[in-house]
Amino acid sequence: MSAAPHEDAHGHHPFLQHHFEDLGQQHEASTLAMWGFLATEILFFGGVLMAYWVYRITYPEAWALGAAQQNWKLGAANTIVLIISSLTMALAVRNAQLARRMGVVTMLVLTLIFGSIFLGIKAYEYHAHWEEHLFPGASFQFAENPEQAPHVQLFMVFYWSMTGLHALHMIIGAGLLIWFIWRAWKNHFGPEYYGPVEVMGLYWHFVDIVWIFLFPFLYLIHGVHHG
Amino acid sequence: MADHQAGHQAHAPQVHITPMWIYLGVFAALSVGTILTVVASRLDLGMWNTPIALIIATIKAVLVILFFMHAIHSTRLTWVVIIASFLWLGTMFVLTFADYLTRHWAIY
Amino acid sequence: MTTATPTLLDVRFGPGVRNYLNEDYGFFSWVLTKDHKRIAILYLISVSIMFVLGGFFAMMMRLELLTPEGDLLTSDTYNKFFTLHGVVMIFFFLIPVIPAVIGNFMLPIMLGAKDLAFPKLNLLSWYLYMIAALVGLVVIITGGVDTGWTFYTPFSTQYSNTHVFGTTFAGFIAGFSSILTGLNFIVTTHRMRAPGLTWYRLPLMVWALYATSIVILLATPVLAITLVMLMLERTIGVGIFDPALGGDPILYQHMFWFYSHPAVYIMILPAMGVASEVVAAFTRKKIFGYRFVAYSSLAIAFLGFLVWAHHMFVAGISMYSAMIFAFLSFFVAVPSAIKVFNWTATLYRASVSWQTPMMYILGFIGLFTIGGVTGLFLAALGLDIHVTDTYFVVAHFHYVMVGGTVMAYLAGIHYWWPKMTGRMYPEWWARLAALLVFVGFNLTFFPQFVLGYLGMPRRYHAYAPEFQVLNVLSTAGASVLAVGYVLPILYLVWSLKFGRPAGPNPWGAVGLEWTTTSPPPKENFHETPEVTWDAYDYPAMMKAMGETQNV
């Protein structure tokens, strides 16, 4: 275990890229870039969310039926799981700022664990939906209300695509976390250079925020009670 | 000697250490919010179910943005980026719904 | 330092003159480069190839349209050709060209920086472009796509038997290429300006690229999600636009045009930036109303997001929203007009130097004005009912995109060619080409305004016989235009070996890019510049430089 990297005799930090003047500029550039990227993600998810709302006001009954098919307990559990992972991610950033190497590693590992729990629960839900013929396409069946069935199928297209896109972002985040855990283990981060962890955190929190909206939109539409 | 480049302030990253109690407090608020939103959805609140769910979700998101994502300590430019994205999203919603909500107003 | 053994590049640029071109040799030094200037050259080559490809489809269409009958191509093939012409020209030429070629090269230099903020992302941006282009090429070779570049549902999702998935996937990837460029530009402009370079001292090109980047960042993701939903529907068979499930095809159009209208501002804003640079340089004056021109770029970026449904007036949107969008569409013309007024005011009583870049830009100002004004015709609801989906629309957008963006791009390429390559292009041939482009362009597209007004629909390979004369004129014009486009390819390549070597400032222009060598060194400047003058401040620059012109 080496000490966290510092500027060497030439004022040259090993992670300072040469086209930047100093670490401060590099940090500001990378955080601004991540916020800019998150802006694109807001519009990306926002697009499909808008489509969801257009149909929600057009087919309110079908939307309530569709939401009633979801397991709200698992959805709620997953929401809490992601909130916990956001907390651990924020603490990882804090530990990097305080140059606590093991703290960073621990928190990032916990974030990865909770993220994986989320994905596991999601996989379970997907499997159950598949078994219940709730995957859109040729295999879709909704015997409970044949009149609303086409619109419920439309709801399920949204359910699968929105949670699917979200899960894809989680998987990418998990992969990035593995890389960051390795970097944290090698003691790359400290108060002069914690930008990467912060930027990872921004991404992770954003993915959490998407779920914060998806949960009530897809699981909690009041109208039809399921059991 | 040239001073440093226009457009960036510090030579080293600014480090603002958020106290633990804020992180834990936000976590608690987010958890309470989740419970609230589930409970509210089980009650029949008429036309208020949807707005309440949206409001709770928005408050949760704002807490995450302000404290977990450190927006509260970030530059004005960061604020502009955040606000602009939601503004643009809002514009897309508003103008699209301007079509859908007025389709049944035909005179003939 | 030069290498020990003089190479061809050394002979061209003079021994001892180290620059970004002879800094390093070999295929991998280009393909793995992180130098924004080399990436710009990579883009220049790829974008030019795509332009020729798009032009091929156009030529075939114009040949078909020489006669009223559909006798050269089947209707299916014609459908594929106008689709591919649109897809290639829009996604692979017009959207990237000025930012990725001129912007990539010049933005860091204009800011006094060593590179963009994220050089590796810049290279990734080019790779994504190339992957998208490759996917597009495979689509073309294996049968193409016939939905129109707009991919309207449900034809694209349910009924078309062509490569919709492949094409939309290519568009999806190209979108990310664009987003990365936009992100890079925004961060670089905010965080990497040279000491003393405040916002109001920036060249207007930078303001234009900045505004473009905002549009890229906020519009492109909506196209991305729309294409994702389209691809999903193509693969699983049902989707959110599927009428059988209660889906609304018009929703697709809302989402598609939310990007595709701002996209046209992605295409024109950088062109306007070039116009400001060239007008200033060849009148040797400050641009009249600098702040108005700067703010108008931001205004266009913002207002451009509020007008998209003017592409949907007859699609089935509500009458009331049509009125709102028509009203808003009139507003977006205002900042563009402000720019035209300011360029004109700069030209007023100026001593205009009629070199090739200026010829192109003078053409640009006139042709863009015509194109923009005819946009107002289309924004007027009543008139739009009459001319929508006719050649009037086709003429309108070609006036702004070709008479506008392409002419400005050619102006920019000629203006900055000496800086990029260290060589002057042959002026006489360049002026001839500019003239051919101007004449050919007007002959091609002005008749189309008349055709559209008379009722000839677009996207048809056969037409009523009374339209033939105008179509023949249009095709004749296209042939002249083609010659005008081929000439620069030829003489610019020629100039790389035989062109007169250029000094640091062949035009005697004001700007940071003209203070460094032609071509620039890899790190752009030997010392970080410190800026104490306003943009286009000719008097101050003369004093600082001590000389007027250096050719």
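Predicted model: local features only at pLDDT ≥ 70, side-chain atom pairs only at ≥ 80, totals over all residues.

Mentor: Residues are numbered from 1 along each chain as its sequence is written, chains are lettered from A and ligands numbered from 1 in the order in which they are written, and side-chain values use heavy atoms, with hydrogens and water left out.

Trainee: Why is C:Thr147 called buried?
Mentor: Buried means under 20% relative accessible area, exposed over 50%, and partly exposed in between, with a 1.4 Å probe and protein chains only. C:Thr147 has a relative accessible area of 9%, and is therefore buried. C:Thr147 sits in the loop between helix 6 (119-141) and helix 7 (155-159) of chain C, where helices are DSSP runs of H or I with at least four residues, strands are runs of E with at least two, and both are numbered from the N terminus.

Trainee: Which residues does C:Thr147 touch, not counting those up to four places away in sequence?
Mentor: They are C:Thr83, C:Tyr152, C:Phe155, C:Ser156, C:Ser160 and C:Val164; contact means heavy atoms within 4.5 Å.

Trainee: What makes C:Pro96 count as buried?
Mentor: The relative accessibility of C:Pro96 is 12%, so C:Pro96 counts as buried. C:Pro96 belongs to the loop between helix 4 (75-94) and helix 5 (97-111) of chain C. Its contacts, leaving aside neighbours within four places in sequence, are C:Val47, C:Ile90, C:Phe91, C:Val101 and C:Tyr129.

Trainee: What makes the pair C:Asp248 and B:Arg103 a salt bridge?
Mentor: The term requires a side-chain nitrogen of Lys or Arg within 4 Å of a carboxyl oxygen of Asp or Glu. Between C:Asp248 and B:Arg103, the closest N and O atoms are 3.2 Å apart, and the pair forms a salt bridge. The count between chain B and chain C is one salt bridge.

Trainee: How much area do chain B and chain C bury between them?
Mentor: About 2300 Å², with 66% of it on carbon and sulfur atoms. Buried area is the accessible area (1.4 Å probe) that two parts lose on being put together, summed over both. In this interface, 23 residues of chain B are in contact with 29 residues of chain C.

Trainee: How many helices and strands does chain B have?
Mentor: Chain B has three helices and zero strands, and its elements run α-α-α from the N terminus on. Of the 108 residues in chain B, 45% are buried.
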